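Work through the exercises below with the coordinates open. Each task is followed by a stepwise solution.

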Amino acid sequence: TFPPRIAMKSPDAKPSLPTIAFIGGGNMARSLIGGLLQAGATANQVHVAEPVAELRDALARECPDAVLCGMRTGEDLAAHYASADLFLFPSLTETFGNVTLEAMASGVCALAYDYAAAAEVLRDLENGLSVPCRDEAAFIERAVRGACDDGLRRRLAERARASAELIDWERVNDHFAGALVRVWRGADNPAAGLGAERTLGWER
């Protein structure tokens, strides 16, 4: 269960600055956080989950304000999600990573590439932020905008939570069944099987 907006910021956090959460490690973390800092983004904390061990010290040295949280589970994980104002997920290796949905369910504005699982649930500037796959410059630009535009971030966070609440197992099964029907009826009838997807709002 991922309840929205659990306050878990440090006592030193400045209310005027957002808290950015990030899951990933190694060179990806260093590249993204370094790009955000160079672009002038300011935030209270950056939570980095489970960075690659040999790069942990380098990340801590280059990004001294980062909080390296390590592996989290259960309510502790939910609290880390919900304490954030903006969630960044730049992975290109996850097929159906739950992390984007978990952040959305926590009422957090999420940013990811328009790829794999994130492409199924995120709509840019509708219920979150997304950029073309592998466009790191666009990712950083969107992250800076998300960090700096409080109104946009809050609006997308509310819609993210609402979107996540629609994705239960019944609707997921309907979506899968709709895909099977389309295959069975053939590509000549693209409308086949869309009924279930319209229930979800997943048709593209």
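**Exercise 1.** Which residues are linked with R142 in a network of salt bridges?

*Solution.* This is a predicted model.
- Step 1. Take R142 and D124: they form a salt bridge, with the closest N and O atoms 2.7 Å apart.
- Step 2. R142 sits in helix α6, D124 in the loop between α5 and β6, 18 residues apart.
- Step 3. Join the pairs: D124, E141 and R142 make up the network.

**Exercise 2.** At what angle do helix α6 and helix α7 pack? Describe the contact.

*Solution.* 
- Step 1. The angle is about 95°, and the axes lie 5 Å apart.
- Step 2. Angles of 65 to 115 degrees count as roughly perpendicular. Therefore α6 is roughly perpendicular to α7.
- Step 3. List the contact: R145, G146, A147 and C148 from α6, with D150, L152 and R153 from α7.
- Step 4. Sort these residues: three nonpolar, one polar and three charged.

**Exercise 3.** Which residues of strand β4 are buried on each side? Find the paired strands.

*Solution.* 
- Step 1. L86 and L88 are buried on one side, F87 and F89 on the other.
- Step 2. β1 runs parallel to β4, joined by three bridges. I20 stands opposite L86.
- Step 3. β5 pairs with β4 in the parallel sense over four bridges. L111 stands opposite L88.

Note on methods: Residues numbered from 1 in each chain as written. Predicted model: local features only at pLDDT ≥ 70, side-chain atom pairs only at ≥ 80, totals over all residues. Heavy atoms only, no water. Axes fitted to C-alpha atoms, helices over the stretch in contact; angles between N-to-C directions. Helix = DSSP H or I, 4+ residues; strand = E, 2+ residues; numbered from the N terminus. Parallel < 35°, antiparallel > 145°, perpendicular 65-115°, else oblique. Contact = heavy atoms within 4.5 Å. Nonpolar A, V, L, I, M, F, W, Y, C, P; charged D, E, K, R; others polar. Buried < 20%, exposed > 50% of the residue type's maximum accessible area, 1.4 Å probe, protein only. Pairing = 2+ DSSP bridges. Salt bridge = Lys/Arg side-chain N within 4 Å of Asp/Glu carboxyl O.
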